[in-house]
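The sequence and structure come first, and the description follows.

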Amino acid sequence: MTGFFITFEGGDGSGKSTQARLLAVGLEAAGHTVRLTREPGGTPLAGAMRALLLHSTASLEALAHVDLVPGDELTEPMLPLTEALLLSAARAQHVARIREWMDTGVIVISDRFADATLAYQGYGRGYDLDTLRTLERIATGGLRPGLTLLLDVPVEEGQRRKRAGHEEGEELNRLDIETQAFHQRVRDGYLALAREEPTRWITFDATDAPGALAEQIWRVVSARLGG
């Protein structure tokens, strides 16, 4: 028995995490066994790498507090290559877990996967796409989603949502606070990736109301799973 792998992609503030949760709940109610996961993360080791990637200064401070790193240089900038390699290392751990789940017939839903690295580190940072694709092949061992749902939102709206969430207590990470130009490149990159593989990617207007968007996603996923 083989499961099915669905990924959600989109820029910051697109609402993909909310929609991933809603889809998981709906599929479980329909009788499916579902695993909801995320990247970077998905396993304890990958989660530790997520902390370094998204909250590097806080992570270094915590490690320095228990004498695991020197405490005299806690704001070291992360190189694009380091970022890409850490993401790939976390992904390798995650993929092993995803394969275990899928081998038992589980539907795996991941909030981001390898396409996010192409969008953020490739199009956003300007790192070489061919190099990133090589890292992807190594880290995933060829595992690819059967369906990728892109929630597209204008950068201005995504940033407005992130600011509103921050005012309500949500923490911003080091990618959230990148420039508007960076986030525009990420959005453009996602749209380019979707155009390259129209069979795997389905793009949604993420400015729609969450309930209406969830219904659109449900119809697409139900059709792909055969009703």
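Helix 1 (residues 16-29) and helix 9 (residues 210-224) pack with their axes 10 Å apart and at an angle of about 55°. That angle makes helix 1 oblique to helix 9. The crossing of helix 1 with helix 9 is right-handed. The model is a predicted one.

On the side of helix 1, the contact is made by Gln-19, Leu-22, Leu-23, Gly-26 and Leu-27. Helix 9 brings Pro-210, Leu-213, Ala-214, Ile-217, Trp-218 and Val-221 to this contact. By class, the residues of the contact between helix 1 and helix 9 are nine nonpolar, two polar and no charged.

A second pair is formed by helix 5 (114-124) and helix 6 (129-140). Helix 5 and helix 6 pack at about 155°, and their axes are 10 Å apart. Angles over 145 degrees count as roughly antiparallel, so helix 5 is roughly antiparallel to helix 6. The crossing of helix 5 and helix 6 is right-handed. In helix 5, the residues that meet helix 6 are Ala-114, Thr-117, Leu-118, Gln-121, Gly-122 and Tyr-123. Their partners in helix 6 are Leu-129, Leu-132, Arg-133 and Glu-136. This contact divides into five nonpolar, three polar and two charged residues.

The two pairs are set out below.

| Helix pair | Angle | Distance between axes |
|---|---|---|
| Helix 1 and helix 9 | about 55° | 10 Å |
| Helix 5 and helix 6 | about 155° | 10 Å |

How many cavities of 30 Å³ or more are counted? The count comes to two.

The largest cavity has a volume of about 120 Å³. Its lining includes Gly-11, Asp-12, Leu-150, Leu-151, Asp-152 and Val-153. Val-155, Gln-159, His-183, Arg-187, Tyr-190 and Leu-191 also line the largest cavity. Strand 4 (147-152), helix 7 (155-167) and helix 8 (180-196) are the elements that give two or more residues to this lining. Helix 8 gives the most, with four residues. Six nonpolar, three polar and three charged residues make up the lining of the largest cavity.

The second largest cavity holds about 40 Å³ of space. Ser-88, Arg-91, Ala-114, Thr-117, Leu-118, Leu-132, Leu-135 and Glu-136 form its lining. At least two of the lining residues come from each of helix 4 (80-103), helix 5 and helix 6. By class, the lining of the second largest cavity has four nonpolar, two polar and two charged residues.

Open space is described in the same terms. The largest pocket has a volume of about 1,100 Å³. Of the 45 residues that line the largest pocket, Asp-12, Lys-16, Ser-17, Asp-111 and Lys-162 are the closest to its centre. Asp-12 is also listed among the residues that line the largest cavity.

Which elements give two or more residues to the lining of the largest pocket? They are helix 1, strand 2 (34-38), helix 2 (44-54), helix 4, helix 5, helix 7 and helix 9. Helix 1 gives the most to this lining, with five residues. The classes in the lining of the largest pocket are 14 nonpolar, 13 polar and 18 charged residues.

Notes:
Residues are numbered from 1 along each chain as its sequence is written. This is a predicted model: local features need pLDDT of at least 70, side-chain atom pairs count only at pLDDT 80 or more; totals for chains, interfaces and linings use all residues. Side-chain values use heavy atoms; hydrogens and water are left out. On a 1 Å grid over the protein atoms alone, a cavity is a set of points where a 1.4 Å probe fits but cannot get out, and a pocket is an open set with protein on both sides within 12 Å along at least five of seven lines; lining residues have an atom within 4 Å of a point. Grid points are joined across faces, edges and corners, and a volume is the space filled by probe spheres set on the points. Ala, Val, Leu, Ile, Met, Phe, Trp, Tyr, Cys and Pro count as nonpolar, Asp, Glu, Lys and Arg as charged, and the others, Gly among them, as polar. Axes are lines fitted to C-alpha atoms, for helices over the stretch in contact, and angles run from 0 to 180 degrees between N-to-C directions. Angles under 35 degrees count as roughly parallel, over 145 as roughly antiparallel, 65 to 115 as roughly perpendicular and the rest as oblique. A crossing is left-handed if the near helix is turned anticlockwise from the far one by less than a right angle, and right-handed if clockwise. Contact means heavy atoms within 4.5 Å.
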